[in-house]
Structures are given as C-alpha cells and as structure tokens.
Amino acid sequence: MEKEKWMRLALKLAKKGEGKVSPNPMVGAVIAKDGKIIAQGYHHYFGGPHAEIDALWKAKDKAKGGTLYVTLEPCSHYGKTPPCTKEIIKRGIKKVIIATLDPNPINSGKGVQELRRGKIETEIGICEEEAKKVNEAFLKFMKKRIPFVTVKVASSLDGKIATSSGESKWITSEKSRKFSHRLRDKMDAILVGINTVIRDDPSLLAPSKNNFVRIILDSKLRIPLEAQVLKNQDRGDTFIFTTSRADERKLKELKSRGIKIAVVKENENRVDIEEAVRELGKLEIMNLLVEGGGEVIGSFFEKKLVDKIYLFLAPRIIGGKKSITWVEGKGVKFLKETSYIKIDSLKKIENDLLLEGYVKENSSFSE
C-alpha cells in the first residue's frame, strides 16, 4: 500500500538522526501528492528544525494540498522550536498520516487535536510498531526518565571476557571491534566499572562525536590520575560516580581538572546503580551503553535495568574457573528468576557471531 511505502521511507529518514538528536526523538517526514514525492525531511540535530519543517521548507508552495507522512505526532507546543502544527496548517497540507502518538505528556494527543481543529484530516497507526522501535529509547525516557540501557559484550563461546591472567585483547575480530566502536556514535554515554579502567586503560571515546559522556563507577576513587579516560575532555566529558569512601585528595585533584564527580549512596559496598541511573536521567542521558566488566553488568541485570544486548561471540574456548565471565555478581537461585532475552537478530561478522536481543520484563522501576 502507498501509505506504508511512504511511511517506511519516512522511518528510514528518521534513522539518519541516530546519535545526533538526543534527548529528542528521531523523526522523518515525507510530503506526497498525486502518488509522487514532493519533499522529504528529518530531524538533523538537537535544537534544529523538526522533520516536518525540514520537509515543508523544501516543498515550498508545492506542499499545498499534499499529504504529510510523519513518524511521530507533530508538536503543538513551543520548545526549542515553534509548533510544527501551526506551520502544517499554514502551508495548506490536506492530510497528515502519523505512525505513532508522541509519548511526551506535553504534546501527546494535542498535536492531532490542533491539526483537526485546523480542518486537516489525520490518520494514526501506519507502521506504528516500527516507529516505536526506532524511538525505543525516547519512549522509555519519556515514561520513566531514566536511560535506555544497552549492554555490549565481546566474549568467547564459553562466556569469558578475559583469561585467568586478565588478558582480554583481543577476543573478537577487528571487524567486530570496529562495529562495536561505531555503536558508541549512536549513544549518549558509555559506562564501565573501575576494574575495567585499571585493567585495560581504555579511552572510551566515540569515533566521530564530541558530545559523548564517559561514566566510571568507582566507589573508592581508585582511578589512576594518568588514566586515558581522564584525557581528551574536548571529545568527551568524564563523569565519575563514587561514594563517601572516596579519597578526598584525589577528589579535589580530579575536580580541579574539570572531571565531574557525583558522590552517591552505597549498595553492598559499591556505587548504588539505581541512584546512578536516576542521576543520568536528570542529565538527559537517554541512550546508555554499558561495556563492563562482569560485576557491573551483573549489577545492571540484578536491578533489572538492562533493555538490550549486543553480544559478540568469538569462536574461542577460554575455560577456567578464574577466567572472568561477562555477567558476574550474585546471580539467581532459580531459573524462573533469570532475565529472558528475546533474540532480535543473529549475524556473522568475519568468524564471530553477533547476537542482538531485548530483555523481557526488564524494569524494577514503578510504572
């Protein structure tokens, strides 16, 4: 059907804003008339023109009498930009077809009402599930005000992320590592525990974005002052969550360098994960990538905070009781307590396998 055809094009356009528009949603728009495309647009960057406006500007006078296909309900309120609904009405659009309503309570349903008051025919629900998946992080953030959490792991077939001596470079292929690094460009922030920083000394930078946040969980503030993650602040801020057990002299030194530090409560002698996640929500971090290690990932699963996983499996067997697995911590006593992964895709990257999946029943936060 023509409606699905144009809406799927709009969804494809929306994805061009991935990693660039957060904490706004990704939105695409297509204007069609008499079976032909008049103009298309998408939300390019945070604070920039919305997708509908981008398409309307390109269409100019040709927009009159056309049908606007948009992946998310047009806004009817003033934010960083004026309401899209007013411009849609002004340009003489005849019909607006919307994939899904805006979950933002400021606008939800109000955009449609505004259009209908302007004598514009509206239709909702074309490719709705696809549209919701495109903006899965935005939907969660609007509902719970905490980040959408993605866990990324590079593991051997027997679930190890390092040998018994601590060696972890490199378990997976170079092509897999490049793919996993590109994931960072789609995220707002990356999080690891202090043991990963001490063992691997990673820089945790994104390949091509400079507004990336690097987050460290470090209850005693053991981070070495020469650590790579404390450098290149022009390419990515470093944010450390610590506790009252932090070294005071190091705390002052790090703050003098511009490193952002939050002292939060403890949970079993560690940084309280739930409080840290809430604080990240207040900072409008919508997409959070958790890269480890095993204790940190285990804590996120124990608190039912994981939404999605990218698991890279290398064709290796490491073995050994002392070798680190990618989910550690307390674990569960009964199988009925396990996190269930709904596998979305499984593909081969060189000799590695990449499993992408979603965690079902995955949040302990109240609805």
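Contact means heavy atoms within 4.5 Å. Keep that cut-off in mind as you work through these exercises on a predicted model.

**Exercise 1. A helix on a sheet**

Task: Find which strands helix 10 lies across, and work out where strand 10 sits in its sheet.

Solution: 
- Step 1. Start with the helix. Helix 10 covers residues 273-282 and lies across strand 9 (212-217), strand 10 and strand 14 (287-292). Its direction makes an angle of about 145° with strand 10.
- Step 2. Now look at the sheet. The order of its 9 strands is 11-10-9-8-14-6-15-18-17; the sheet is open and its pairing is mixed.
- Step 3. Go to the ends. Strand 11 (260-263) and strand 17 (340-349) are the edge strands, and each pairs on one side only. On average, neighbouring strands here are turned by 20° against each other, direction ignored.
- Step 4. Zoom in on one pairing. Strands of a sheet pair through backbone hydrogen bonds, either parallel or antiparallel. Strand 10 (residues 236-242) pairs with strand 11 in the parallel sense, over 4 bridges. At one place, phenylalanine 241 has alanine 262 in strand 11 as its bridge partner.

**Exercise 2. Aromatic pairs**

Task: The structure holds 3 aromatic pairs. Describe two of them, using centre distances and plane angles.

Solution: 
- Step 1. Take phenylalanine 239 and phenylalanine 241. Their ring centres are 5.0 Å apart and their planes meet at 45°, so this pair is tilted.
- Step 2. Check the surroundings. Phenylalanine 239 is buried, because its relative accessible area is 11%, and phenylalanine 241 is buried too, at 0%.
- Step 3. Turn to phenylalanine 301 and tryptophan 326. This pair is edge-to-face, with 6.3 Å from centre to centre and 70° between the planes.
- Step 4. Phenylalanine 301 belongs to helix 11 (residues 294-302), while tryptophan 326 is in the loop between strand 16 (324-325) and strand 17, so the pair ties together parts 25 residues apart in sequence. Phenylalanine 301 counts as buried at 12% relative accessibility, as does tryptophan 326 at 16%.

**Exercise 3. Two residues and their contacts**

Task: Is lysine 140 buried or exposed, and which residues does leucine 353 touch beyond its neighbours within four places in sequence?

Solution: 
- Step 1. Locate lysine 140: it is in helix 6 (residues 136-144).
- Step 2. Read its accessibility. At 12%, lysine 140 counts as buried, because the limit is under 20%.
- Step 3. List its partners. Beyond four places in sequence, the contacts of lysine 140 include Phe148, Val149, Leu305 and Asp307.
- Step 4. Move to leucine 353, which lies in strand 18 (residues 352-360). At 34% relative accessibility, leucine 353 counts as partly exposed.
- Step 5. With neighbours within four places set aside, leucine 353 touches Leu311, Phe312, Leu313, Leu346, Lys347 and Lys348.

Key. Residues are numbered from 1 along each chain as its sequence is written. This is a predicted model: local features need pLDDT of at least 70, side-chain atom pairs count only at pLDDT 80 or more; totals for chains, interfaces and linings use all residues. Side-chain values use heavy atoms; hydrogens and water are left out. Two strands pair if DSSP finds at least two bridges between them. Helices (H or I, at least four residues) and strands (E, at least two) are DSSP runs, numbered from the N terminus. Axes are lines fitted to C-alpha atoms, for helices over the stretch in contact, and angles run from 0 to 180 degrees between N-to-C directions. Rings of Phe, Tyr and Trp (its six-membered ring) pair if their centres lie within 6.5 Å; planes under 30 degrees apart count as stacked, over 60 as edge-to-face and the rest as tilted. Buried means under 20% relative accessible area, exposed over 50%, partly exposed in between (1.4 Å probe, protein chains only).
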